[in-house]
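Look at the model below and follow the description from one part to the next.

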Amino acid sequence: MIIDINFIGLIIASIMASAVPLILASCGELITERSGVLNLGVEGMMIIGAISGFALMTVTGSLIIAVFGAMLAGVLISTIFAFLTQTLITNHVATGLALTIFGIGISAMIGKNFVGIPGKEFPVLFEGLKDTIPLLGPILFGHSIVFYFAFALPFITSYFLKKTKIGLIVRAVGDSPESASNQGINVRLVRYACILYGGSMSGLAGAYLSMIYTPQWIENMTGGRGWIALALVVFSTWNPIKILIGAMIFGGLTIIQFHMQAIGVRIPVQFLTALPYIVTIVVLVVISRDSRKIRLSTPSSLGKSFHKDN
Amino acid sequence: MIKIVKRDQPSRAIFFLTPILAIFLTLVAGGLIFYILGFKPFEALKFFFIVPIADKYGFSELLLKATPLCLIAIGLSFCFKSNNWNIGAEGQLTFGAIVSGGVALLFYEQEGFYILPIVILAGAIGGMLYASIPAILKTYFNTNEILVSLMLVYVSKLILDYLVVGPWSNPEGFNFPETRQFSDSARLPLLFEGLRIHAGIFLALAAVVISWFVFYKTYLGFQMKVSGFSLKTAKYAGYKGKKMIILVFLISGACAGLAGVGEITGPIGQLHREVSPDYGFTAIIVAFLGRLHPVGIIFASLVVAITYLGAETAQIFMQIPKYTGQVFQGMILFFLLASDYLLFFKFKFISSKK
């Protein structure tokens with residue numbers, strides 16, 4: 001069997017494409033969690049982004065409005081979460097679950113009139129360069145702008161957290177809200193901002209799914225990706241660069257599953273579909289076993305409410 | 001002028017009143033959403049909350065849906081009281097259904113009084129086995145139980161899918177994704193002619209009574225409460241934390257597994273692809289709305305069960321998508337959590353005159 005080198009390039013490119021929504025949502029959630037807030041509503045925010053993007057694209061015809069509108073929708077829906085957890089000091093886990101359940105429901109309600117409508121073609125960049133370099137051509141060129149943004153995001157996030165003053169503030173708020181507050185930092189404001197940012201990234205991830213990856217609206221189309229994104233943040237031990245690696249592994253499992261079916265490997269399809277979830281659990285176990293390591297890398301106040309007494 | 005003042009102590013009256021406030025606010029907000037989407041709000045709410053339970057059949061359906069919700073929520077309240085976040089009850093339900101369904105299929109075309117108890121027990125054991133995974137990983141490997149229990153939900157549904165499409169599918173079933181019909185002896189009896197409500201409701205009621213007893217009359221219940229308030233205090237008091245984590249997971253797994261038994265051995269009588277319309281997730285809301293109190297959970301399960309029925313009725317009569325049920329479920333939890341604020345803070349009216 002001769003394997004076309006460009007075919008391998010195409011497979012890698014398709015793995016990267018399926019990693020895009022995971023990277024976007026995980027990097028957003030990572031910032032939220034770094035500020036000490038655990039938002040389990042990623043799946044809900046993502047599906048809201050998916051329907052908002054698709055609906056705005058269909059109604060306005062503008063891809064730019066649709067993409068930014070989806071991000072805004074993510075921000076709006078995460079505002080509910082921020083208001084509840086930060087202003088009304090509710091439990092993060094329960095509020096996040098409510099957000100996911102609510103998001104799936106409301107997206108299906110809005111999406112009722114958009115089922116079965118074909119999507120639009122999303123423009124890709126550097127299409128012409130695809131065939132210029134063997135193997136690397138299909139990997140590097142011919143993707144949407146969101147794709148390139150997603151692969152830059154972990155590095156931007158890493159730089160932001162390590163090298164910028166605001167990044168330092170976010171980490172301080174997550175690691176020790178009391179001392180941050182004593183230093184005059186408005187903990188609640190920082191956390192609000194981080195939650196809304198996380199919402200915008202989940203919204204973008206959803207829009208990528210409904211506008212670029214599989215350009216159509218299907219009820220519940222995020223299919224658990226939001227939860228995998230959450231798992232990826234733990235997997236990465238809150239390090240954005242490792243999110244990139246984790247997302248590629250998960251994207252890879254998804255894509256390989258298709259190809260194994262195509263070449264007739266006799267493994268039940270359900271087993272292959274279950275693989276990413278099982279791998280997540282295994283990875284979680286492996287990294288959590290070292291309790292010292294996970295304690296060092298976990299934002300100390302993660303999931304704990306902070307309330308300054310009047 | 002209105003000022004927000006912290007209460008000296010959380011108010012107990014408000015603790016039990018806020019769920020009612022949350023339901024009321026959900027109805028108002030739901031009406032508003034219907035209005036925005038172009039439906040007549042009162043008519044929609046009527047189809048959602050009154051029409052479905054207006055007759056005998058509807059009421060039986062309400063109990064049918066409330067039964068698994070109540071059963072699972074009771075189990076979850078053991079976990080939540082002791083600060084264990086088992087959110088994978090849906091998976092434990094599914095796995096319980098798989099195990100009990102498998103056992104029921106072993107007794108295919110056999111009759112005998114002993115079959116049903118074995119089938120029920122198998123379901124409880126299945127749920128416990130599945131719940132023991134996040135519990136053991138949490139206690140011995142320090143792994144986050146939220147993510148593990150959740151990932152296992154997807155895995156369990158895929159196992160079920162594999163079985164009903166593949167090895168367990170009905171050989172005479174024209175490739176429908178379902179198993180053979182269980183024998184009558186493997187099925188929970190229906191309570192009334194022509195209605196679908198079945199004996200599973202007694203399992204739920206038993207769970208309510210037992211949990212009430214454990215929570216309020218035993219040392220274990222006290223330990224759970226203390227651990228829920230503060231893990232440090234629990235450790236200081238010398239409670240065996242690991243043992244308790246595993247125990248509460250096993251209890252909630254068993255309850256979810258039993259709910260799974262009810263779903264397949266009741267009116268349906270076979271395993272098929274979708275044993276549960278996310279009862280396992282919805283039960284989390286039920287547990288909170290019921291304030292983790294056994295009696296509260298009974299009422300909460302009835303209220304939330306209406307959202308299931310209402311969604312179906314509204315879909316038929318008004319072409320409102322059935323996912324609307326989840327909108328209501330999410331909103332109830334939002335409003336409930338929000339109104340908890342009133343537990344700890346109160347509004348004080350101060351006259352603006354100086």
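In this predicted model, strand E1 (residues 2–6) of chain B and strand E2 (residues 345–349) of chain B pair in the antiparallel sense. Five bridges join E1(B) to E2(B). Is E2(B) buried or in the open? The number of buried residues among the five of E2(B) is zero, so the strand lies largely in the open.

Next comes the contact between the two chains. On one side are 37 residues of chain B, and on the other 38 residues of chain A. Four helices of chain B each supply at least two residues of the side that touches chain A: H5 (115–141), H6 (145–165), H11 (279–289) and H13 (324–339). The largest share of that side comes from H13(B), with eleven residues. By type, the residues of chain B that touch chain A divide into 26 nonpolar, nine polar and two charged.

Within chain A, look at helix H2 (residues 42–60) and helix H10 (residues 225–235), which pack with their axes 7 Å apart. The angle of the packing is about 130°. From H2(A), the contact is made by Val42(A), Glu43(A) and Met46(A). H10(A) contributes Arg225(A), Gly226(A), Trp227(A), Ala229(A) and Leu230(A). The residues of this contact of H2(A) with H10(A) divide into five nonpolar, one polar and two charged.

Methods:
Residues are numbered from 1 along each chain as its sequence is written. Chains are lettered from A and ligands numbered from 1 in the order in which they are written. This is a predicted model: local features need pLDDT of at least 70, side-chain atom pairs count only at pLDDT 80 or more; totals for chains, interfaces and linings use all residues. Two residues are in contact if their C-beta atoms, placed from the backbone, lie within 7 Å. Ala, Val, Leu, Ile, Met, Phe, Trp, Tyr, Cys and Pro count as nonpolar, Asp, Glu, Lys and Arg as charged, and the others, Gly among them, as polar. Axes are lines fitted to C-alpha atoms, for helices over the stretch in contact, and angles run from 0 to 180 degrees between N-to-C directions. A residue is buried if 20 or more other C-beta atoms lie within 10 Å of its own, exposed if 12 or fewer, and partly exposed in between; C-beta atoms are placed from the backbone. Two strands pair if DSSP finds at least two bridges between them.
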